[in-house]
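Visitor: Hi, could you walk me through this model?
Guide: Happy to, here it is.

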Amino acid sequence: MTDAELAEGVSTTALMIAAIRAIETRRPDGLVRDEYAEHFVRKARSGVEMPTRIEDVDAGDEDPVWGRLGAYCGLRTRVFDDAVRAAATPQIVLLGAGLDTRALRLDLPAAVRVFEIDRADVLTFKSTILDAVGATARVRCDRLSVDLAEDWDVALLAAGFSVDLPTTWIAEGVLPYLPRPVEERVLGLVDRLSAPGSHIGYEIVLGQESPEFRNHDLYAGTVEAIGSHLPSLLDGGARPDSAGALRAAGWEITERPVADYTVRYGRGPDPSVDDPIRQARWGFGHKKSRVSCLRL
Ligand SMILES: C[S@@+](CC[C@H](N)C(=O)[O-])C[C@H]1O[C@@H](n2cnc3c(N)ncnc32)[C@H](O)[C@@H]1O
C-alpha cells in the first residue's frame, strides 16, 4: 500500500487529535508526550497539511483550532491518561481509539491487555505507520476493526477480553459522533461486560445539536484546518442521559466541566471564554456491583 492509499479513509478527526498531540509533545509545557503522533501526521495524505508544532501556526495559541481546541484536546488526553493510570486495571478498552497510542505511551505493567476499537481504515493506517517506525508496546494491544454500531462485543470477546477482570473503558472524543441509540447500546454493552471494580472515562457535549453550537465561530476554522466542519461530523440528534443510565446500573459517576481541569492542571482552554467548550463534560466513575444491567 502507498501512503496515499493508506490515508484515504483516515478519519480527519483522528488525524486532528494526532496533530494536537504532536504539537503538545513539542511544547516545553506540554501535558502529553506522544512521539508517534508526528509520524501519523507526516505520513497521512489527507489533502490538508496539519501542523506538528505551534510555531507552524500563524496565529499560534490564538488560533481557534490549533490553539483553543488544541488546548482542550491536549488537556483531555492528559486527564484520560491519568484516569487510566489511576484505575490500574488489567484490561483497558479504547472505544473509538483513533490514533491514540496509550498502549505505547503509558508505562503500563506488562500483564495489562489493551483493546482498541475503531473503524478499519483508521486502524489499518495506524498499524502500518507504527510498524514502519518499529514501535513495540510493552503490553499486548489488539486492534479490533469494528463499527461501534455493530457487534463489537463479539469481536472483543473473540480477542480474549475477560468479563471476569476489571476493565478501564475510555470513550474519548467519540460519543458525540454516535447517534443516541448507538451511544445507549455502547454503554449498555460496557456495563454488561464490566466486572465489579471496572472504571470508565468518557466525554459528552451538552447542546451539540443546537444551531448555536453548530454555527459557533469557534468552528469556522476547522474547514480550512482539517478539511471538515467539525460540528457537522457530530451527531445532530438529541443526546441520551448516559450518566443517569450508568448510575442506574450501579456505577458511581462524576461529570465535571473542563474548566475544573484547566484549574487543576494549570493549563488548558481559558475557562473565562464563553464558547462551546463550556458545553463539554468529562465523566469518570467505577462500577460498584453487578446490581443491574442497562437495557440493550
Ligand atoms: C475525534 S477521534 C478521537 C480518537 C481518539 N479517541 C483520540 O482521542 O485520539 C474519533 C474517533 O472515533 C472513531 N469513530 C467514530 N464513530 C465510530 C463508530 N461508529 N465506530 C467506530 N469508531 C468510530 C473515528 O474513526 C475516530 O477515530
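Guide: Here is a short chat about the fold, the core and the ligand shell.

Guide: This is a predicted model, where local features need pLDDT of at least 70, side-chain atom pairs count only at pLDDT 80 or more, and totals for chains, interfaces and linings use all residues. Residues are numbered from 1 along each chain as its sequence is written.

Visitor: How many helices and strands are in the protein chain?
Guide: The protein chain has 13 helices and seven strands, taken as DSSP runs (helices H or I, at least four residues; strands E, at least two) numbered from the N terminus.

Visitor: And what is its radius of gyration?
Guide: Over C-alpha atoms, the radius of gyration is 18 Å, close to the 19 Å from the globule rule for 296 residues, so the chain is as compact as a globular protein of that length. That rule is 2.2 Å times the number of residues to the power 0.38.

Visitor: Which residues have the most contacts inside the largest nonpolar core?
Guide: They are L15, A18, A19, F40, V41, L95 and I117, in a core of 73 residues. Helix α4 (residues 64-87) gives the most to this core, with eleven residues.

Visitor: Switching to the ligand, which residues come nearest?
Guide: T13, A14, G96, G98 and L148, out of 20 residues around the ligand.

Visitor: Which helix gives the most to that shell?
Guide: Helix α2 (residues 12-26), with three residues.

Visitor: What is the shell like by class?
Guide: Ten residues are nonpolar, five polar and five charged.

Visitor: Last one: what are the spans of the C-alpha trace along its principal axes?
Guide: About 55 × 45 × 35 Å.

Key: Near = placed C-beta within 6 Å. Nonpolar A, V, L, I, M, F, W, Y, C, P; charged D, E, K, R; others polar. Core = buried A, V, L, I, M, F, W, Y, C linked by C-beta atoms within 7 Å. Buried ≥ 20, exposed ≤ 12 C-beta atoms within 10 Å, placed from the backbone.
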